[in-house]
Each structure stands twice: as C-alpha cells, then as structure tokens.
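The following exercises concern one protein structure. Please study the sequence and the model, then work through each task before reading its solution.

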Amino acid sequence: LTMKSSQMRPRLKWAYVSPLNPIPSSLSDYSETLLPALSEYFDTTLYSDCGEPANPTIARRFVTRPVSSLQQHHAQHDLRLYQLGNSTQHQNAFDTLRRLPGVVTLHEPFLHTGIRAMSPPHYRRELSYELGNVDDAAVNAWAAVRDRVEMMAAPLIGRAVDSSLGLIVHSRTARRMIEDNFARRAAKRHRAVSDIAVIPQPMPLDEARLPQDTRAEFGLSVDGVLFGSLGLIDPTKEPTLAVRAFARVLDVIPQARLVFVGERPNDFGLDELMRDLGVAGQVIFLGRVEPIERMHRAIAACDVILSLRRPTIGETSATALRSLAIGRAQIVRDVDWYSELPDAACAKIDPQAEVDELAQAMLELANSPDRRRQMGEAARHYIQTECDVAVVARRYADFLQATFERAAAAMLD
C-alpha cells in the first residue's frame, strides 16, 4: 500500500497479480471473468507472466506487465491484490508478496504441493516458516508424503496469510481452516476474523436447457436418465464408487447411463470393474471437452451430476458451480464447502457414505423429474444471488476499499 496524501483518493489505483490465459489455469479463467466488472471500481494494471493476454478484451482494456516488474512500479499503486493458488504458476507472485504485501485471494487453504514443486530452497524455507526450523531428514520426510490429508498438518499457507493486508476466500470452510492454522502455530501478527472476507467464486448464469437439447452433439441417447461426473478423473472424485452405485441403478432403470466428462490419465481399475459388474456398455467416457461453452452443453446433457470428492481440503469446485448455473440437480457429500450449498439445490449424502446411500440418492432423483426440476431452479437462484459476477465484484470492492482505509489509517497513527 502506498500513501501519497492524507486524503483517500476517490478511485484507487491497484495492481492485480494473477495468471491469465494463455497460462492454462482455472485462475486465468477466474480473473478474466472478474476483471471487467472490477474495473468499474478501480484503475487496474495487470501483473502476469502470461506475456500478451490471449483474451482480446483483456489485452485491449488493461496494461499487462510481468510480475517481476511490480517491485519497480509498486509506488504507482494504492493497493495490490494477489490471486494465489496451489501451483508453481504462482512462484513469482508468492515471492513478490513477501516483499510487497497486499490483499490475497487464497483460492484454497492449501499450498503445500505447489510450493513443494517450486524448488528445494522454496520448499525448505516455507516448511521452516510454518513448522519452525526443519532439518534435512524432516524435509525429505515431508517431500515423500503423497496423502493430501496428511499434508494438511502443514498447508504452507502461513507466509501468504502473514504477508497479506487482508484475505479473501471462497467459503466459510476455508476461513475456518485458516483460523485453525493460526491456532496451531505462532502467528507473526494478530489478525481478526473481520480481515478474512468470504466471497463466492463468480459464476455467470448459463442458458437454461433441457437435457435432450444437447445430447445429439455428444452421441448420447435422448432416452433414459443420464448421470454425469465432471472434471479430471482421479481417485478423489470417487469414480469407482460412482460405477458401483450406477450398477445398482441399472438393476432398476436399465435405460440409465453414466457419463464421465474429463480427462482420464489412468485407468484406476475402472475397465476391470465395469466388466465385472457388466456395465461397460452403459458407462461413457467423453474425455476432455473444450471449449468451455461446449463443456457447458455436455453438463446440460445430464440429468444429475455426481459431485463427489473424498477427501476434501477446503477447495471449491468450479464444475459443481457450473452445474448449478446450468440448473442441474447434484449429489454431493455433506462436508466442507459442499455442506454450504443450499439444501434445496442438491442432495447431500453422509461424508462417509458408500454404495448403498449413493445408489439410493441416485434412484430417488432418477425417479423424480419434479424434484430434479425444483433442484435446478434452486441452483440457478443460488448462482444468480450469490455468484453473479456483478455481486462478487461489488463485494470485492467493498472489502478492498475497507482494507485500504484501515491500512491508511494505521499509517497515519
């Protein structure tokens, strides 16, 4: 933050630090969705390592500089906003935040795997910051850990939190995890809960469509109930549980189908499982679907979305939000961020539910078109009232203005 006079300027100049396309990141899409609306409140300069932004609107409307140049230009800005996620794409932003504090949007309360992939010196430095000085044996032991739940004992968010003037997260769950992190370690400075704003991810309301409207594009039958599982196929999305529960559904509704929409980097034993259960012909893999508009049409082709995740580490699911925006009924586990979704917009199963409970939830929705429609309407209402881009931008602006005023007052004391 830079104070040039005792008067608060009516329109702040700020530095916005984030990946942008062509950097392949969900945060690139996030920022490009949010920036036009945020620019109504702030004079914005972008700092990104994307080179020339691929989005022509972004390239035309904003000056874009490398993240490393923020040190040179920082006095031109009243405030800095960092969009931070769990990947190596944020290394320059993370290093810059250490020197130039600002408001941080922490997209998940977990940076361990991203920092570990940056470099051994980065990793050791942040482990020591979070846990106290660590020796070579401790660093090597942490480097060998692959269980994300075990890594939550050292989420490596401490530096980002302590270097921030204020935090933005997407859920009450994430805020609680950050507060728990403070309780487990000696914080560098006190931070009141009011310094952490919960602002949902922006998600535009999508065109309302019937499932049958888009199925032909993907070679899907217009008959029967279609269950969808979205995004990269990996064990945390519970694909084997989905297949097992779907086999139970087929015993009752032979016309039902299960479609996976996303990359499948490994088999994870699915082919053998489907053969053993006799459902290989009723489970469909569409692979990665692009561009995003076509992905939306693939979601719209489904009647029910299985938004399963176990374990969770406080993350927010963009695909679940997209499904809500399209008006699709969903089945989720009643845990973490998913618990915060409206009960009217999704069916919630126990955090430890297995095949019986999931199959029962799938059958209930398959046999009730009215309930699916009501869920879809509630889902779209939630997106319209909580995740509309203009609503999210207004909440950002209010929090950033308040953070600036608080920091400016502290400088004058």
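Rings of Phe, Tyr and Trp (its six-membered ring) form a pair if their centres lie within 6.5 Å; planes under 30 degrees apart count as stacked, over 60 as edge-to-face and the rest as tilted. The model is predicted, so local features need pLDDT of at least 70 and side-chain atom pairs count only at pLDDT 80 or more, while totals for chains, interfaces and linings use all residues. Residues are numbered from 1 along each chain as its sequence is written, and side-chain values use heavy atoms, with hydrogens and water left out.

**Exercise 1. Aromatic pairs**

State which residues ring pairs link into a cluster, and describe the pair of tryptophan 14 and phenylalanine 42.

Solution. Step one: the structure holds four aromatic pairs. Step two: the pair of tryptophan 14 and phenylalanine 42 is tilted, with 4.5 Å centre to centre and 35 degrees between the planes. Step three: tryptophan 14 is in strand S1 (residues 13-17) and phenylalanine 42 is in the loop between helix H1 (26-38) and strand S2 (43-47), so this pair ties together parts that are 28 residues apart in sequence. Helices (H or I, at least four residues) and strands (E, at least two) are DSSP runs, numbered from the N terminus. Step four: buried means under 20% relative accessible area, exposed over 50% and partly exposed in between (1.4 Å probe, protein chains only). Tryptophan 14, at 0%, is therefore buried, and phenylalanine 42, at 3%, is buried as well. Step five: a further pair, of tryptophan 337 and tyrosine 338, is edge-to-face, with 5.0 Å centre to centre and 65 degrees between the planes. Both tryptophan 337 and tyrosine 338 are buried. Step six: the cluster linked by ring pairs consists of Trp14, Tyr16 and Phe42.

**Exercise 2. Two packed helices**

Determine how H13 and H14 pack, and which residues meet.

Solution. Step one: two packed helices are described by the angle between their axes and the distance between the axes. Axes are lines fitted to C-alpha atoms, for helices over the stretch in contact, and angles run from 0 to 180 degrees between N-to-C directions. Step two: for H13 (residues 292-300) and H14 (residues 318-326), the angle is about 70 degrees and the axes are 10 Å apart. Step three: angles under 35 degrees count as roughly parallel, over 145 as roughly antiparallel, 65 to 115 as roughly perpendicular and the rest as oblique. H13 and H14 are therefore roughly perpendicular to each other. Step four: contact means heavy atoms within 4.5 Å. Ile292, Met295, His296, Ile299 and Ala300 of H13 meet Thr319, Arg322, Ser323 and Ile326 of H14.
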